[in-house]
Structures are given as C-alpha cells and as structure tokens.
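User: Hi! I have a model open on my screen and would like to talk it through with you. Could you take a look?

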Amino acid sequence: MRMVEIHTKTVQTGDDHSSKGNQLKWFQDGWWYKADGFGFESLAETVVSALLKHSTISDFVQYEPVNIRYKDRVYRGCRSQSFLKGNEELVPLERLSRIFSGFGLAQELSRISSCREQILYTEELVRNVTGIRDFGEYLTKMLEMDAFFLNEDRHTNNIAVLYDREEKNWRLCPFFDMGLSLFSDTKEDYPLENGLDKCREKIKAKPFSADFDEQLDAAEELYGTFLRFDFSGSQIEMILTDALWQIAAEDRNLTGRETNTKGSLEALDGEYSAGELQRVVGVLRYQAGKYQYYF
C-alpha cells in the first residue's frame with residue numbers, strides 16, 4: 001500500500017469517533033486519514049465502499065487503504081476525501097437533538113420502547129429541525145447497509161446531516177464510517193480464532209435495537225426497501241478480488257495484471273493477513289445468503 005506522511009500536528013478526536021474509543025484520525029490536504037485501532041477497520045471500509053459501487057446506493061464515502069507515517073511510527077489505515085463543501089459542517093444527530101430539545105438523541109430514544117416509534121421520532125426530529133423531507137428513506141438505506149455488513153458502530157453521533165453556515169441550509173450527509181463492520185474488531189470482541197457463529201452471537205446493532213433485523217424490518221416496513229446489488233452473492237469474491245487488485249495496481253502505477261494476485265484476494269501485498277481476508281469473505285458469503293432479496 002502507498003505510504004502517506006502526516007505533517008499536520010493535530011490528531012483529530014471527538015464525538016464522531018467509534019463508540020469503542022477514539023480512533024487516531026488526521027485531516028491533511030483535503031483527505032481524512034484513519035488508523036486501524038481494533039483490527040482491520042481499513043479493510044472493512046475499503047470492502048464496503050467497493051461493494052457499494054455495485055449497488056443502488058450512490059452517495060457514500062469511498063475509502064482506500066494506506067500506510068500512515070506519523071511521528072516516526074507507521075500505522076495501517078485508510079483515507080477518504082472530505083465531502084464538506086464551502087462553509088458546511090457535520091452535525092451529528094446527537095448534537096442536532098440537543099439543539100432542538102436540550103437532550104441528546106440517545107437519551108430521547110431511551111424513553112421510547114418501540115423500535116418503530118424510535119425511527120419515526122428520529123425522522124420527525126430531522127424533518128422539523130432541518131426541513132429535509134426524505135430522511136426516512138436515507139435512514140432505511142443506512143440500516144440496510146448496517147445489517148448486511150454488520151456495522152456495530154451506528155451510535156447517534158455516527159448519523160449526521162450537513163449544515164451550510166453561510167447559506168443557512170441543510171442536506172443529507174454521504175454514508176460514512178463503516179470501519180467496525182465484518183467483525184473487524186479482532187483485538188477485543190472478535191479474535192480471528194473465534195468462529196463466525198460465535199461472533200454473530202455476540203454482536204449487537206445500534207441505535208434503535210440490539211437486533212439488526214428488528215430495526216431493519218421496522219424501517220423497511222415504514223419507508224420501503226432500497227438496497228440492491230447488481231451482482232449475485234456467488235460473485236462477491238470476484239468483485240473483491242478485482243477491487244483490491246485495482247488498488248494494488250494503482251499504488252504501484254502498474255498497468256495490466258503485473259501484481260502477484262493470481263486471481264486471489266491477496267492483492268495488497270501482505271498488508272492484510274489470510275485470516276483477515278478469509279473472515280471478510282466468510283461473513284459476506286453468509287450475509288448474501290441471508291439477505292438474498294438484496295441481489
């Protein structure tokens with residue numbers, strides 16, 4: 001993977017980071033850089049964005065893996081281009097709720113027992129404060145992706161809208177931050193030696209229910225189904241092989257199949273272990289079978 005030198009002295013931290021702790025993050029030359037902190041978050045971000053290119057989801061942040069050199073230390077990580085325009089700022093729903101009611105969204109949702117009613121409350125909050133009319137559809141797409149990719153980190157600071165301070169208007173935010181998907185936390189919760197069945201028993205969804213399908217079903221019943229992939233579940237490994245090979249080739253300024261991939265997923269020159277790559281493929285194969293109606 002390409003090496004990027006971080007010259008900025010500021011490590012970004014804040015409410016938009018993982019619920020498991022602050023991930024090292026930097027902004028430099030129009031790019032956001034994130035270091036792996038729990039396992040293979042950068043691979044998860046890369047894989048999710050690669051598959052979404054073959055889906056009905058159009059407005060999402062694209063990630064690519066990089067090695068990050070910062071203060072004489074090298075981190076495995078990923079980067080994405082900033083999606084903010086002009087005078088825009090990112091406003092997480094947790095903060096938006098405080099502006100509207102004086103209370104955080106997580107606290108407000110805890111007072112509502114029904115997952116369906118929590119979703120309706122969230123949609124109404126965004127519509128009342130921002131005037132955005134299609135947030136229900138946006139939220140459903142997000143929950144569909146989270147269920148399929150098993151993103152365990154969709155807390156209320158990880159859902160956001162964009163506000164233009166000069167124009168005084170709001171717009172939907174591109175879908176972002178899927179690093180804690182695909183059981184990527186191999187450091188704490190999902191060690192590679194654990195089988196996928198054991199991982200599935202432990203994982204919990206956010207923010208409306210600990211059950212991915214409960215919140216997904218409630219949202220799709222309210223607003224419809226939106227996620228579709230343009231390939232079959234059996235083609236997942238081929239799609240990923242091509243995507244990772246392309247990244248490896250671009251890093252080396254190569255043309256043609258001059259890398260040593262030989263049709264395998266090991267396209268990032270050993271940066272990710274065989275166990276990590278096998279986990280990604282295994283999770284996706286299972287999810288494709290479970291959510292066949294997305295294909």
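User: Great. What should I know about the model before we start?

Analyst: It is a predicted model, so local features need pLDDT of at least 70 and side-chain atom pairs count only at pLDDT 80 or more, while totals for chains, interfaces and linings use all residues. Residues are numbered from 1 along each chain as its sequence is written, and side-chain values use heavy atoms, with hydrogens and water left out.

User: Let's begin with the helices. At what angle do α4 and α7 pack?

Analyst: Helix α4 (residues 115–130) and helix α7 (residues 212–223) pack at about 60°, and their axes are 9 Å apart. That makes α4 oblique to α7. Helices here are DSSP runs of H or I with at least four residues, strands are E runs of at least two, and both are numbered from the N terminus. Axes are lines fitted to C-alpha atoms, for helices over the stretch in contact, and angles run from 0 to 180 degrees between N-to-C directions. Under 35 degrees counts as roughly parallel, over 145 as roughly antiparallel, 65 to 115 as roughly perpendicular, and the rest as oblique.

User: And which residues of α4 and α7 meet?

Analyst: From α4 there are Cys 115, Arg 116, Ile 119, Leu 120 and Glu 123, which meet Glu 214, Gln 215, Ala 218, Ala 219, Leu 222 and Tyr 223 of α7. Contact means heavy atoms within 4.5 Å. By class, the contact of α4 with α7 has seven nonpolar, one polar and three charged residues. In that scheme Ala, Val, Leu, Ile, Met, Phe, Trp, Tyr, Cys and Pro are nonpolar, Asp, Glu, Lys and Arg are charged, and the others, Gly among them, are polar.

User: How do α4 and α5 cross?

Analyst: Their axes come within 9 Å and cross at roughly 130°. That makes α4 oblique to α5. Ile 119, Thr 122, Glu 123 and Val 126 of α4 make the contact with Phe 135, Gly 136, Leu 139 and Leu 143 of α5. Sorted by class, the residues of this contact are five nonpolar, two polar and one charged.

User: Changing topic: how many residues are in the largest nonpolar core?

Analyst: There are 71, and those with the most contacts inside the core are Leu 51, Phe 135, Phe 149, Leu 182 and Leu 284. Helix α5 (residues 135–149) gives the largest share of this core, nine residues. Another core, of ten residues, lies apart from it, and includes Val 4, Ala 35, Ile 68 and Tyr 70. A nonpolar core is a set of buried Ala, Val, Leu, Ile, Met, Phe, Trp, Tyr and Cys residues joined through side-chain atoms within 4.5 Å. Buried means under 20% relative accessible area, exposed over 50%, and partly exposed in between, with a 1.4 Å probe and protein chains only.

User: What does Leu 284 touch?

Analyst: Leaving aside neighbours within four places in sequence, Leu 284 is in contact with Val 47, Leu 51, Phe 148, Phe 149, Leu 182, Ile 236 and Leu 240.

User: Nice. Which peptide bond is cis?

Analyst: The one from Lys 206 to Pro 207 is cis, with omega near 0°. Pro 207 sits in the loop between α6 (196–202) and α7.

User: One more: is Asp 72 buried or exposed?

Analyst: Asp 72 counts as exposed because its relative accessibility is 78%. Asp 72 is found in the loop between β4 (64–70) and β5 (73–81), and its phi is near 65°, a positive value in a residue other than glycine.

User: And Ser 97, buried or exposed?

Analyst: Ser 97 is buried, with a relative accessible area of 0%, and lies in helix α2 (residues 93–101). Not counting residues up to four places away in sequence, Ser 97 touches Gly 102, Phe 103, Gly 104, Leu 105, Glu 108 and Leu 125.
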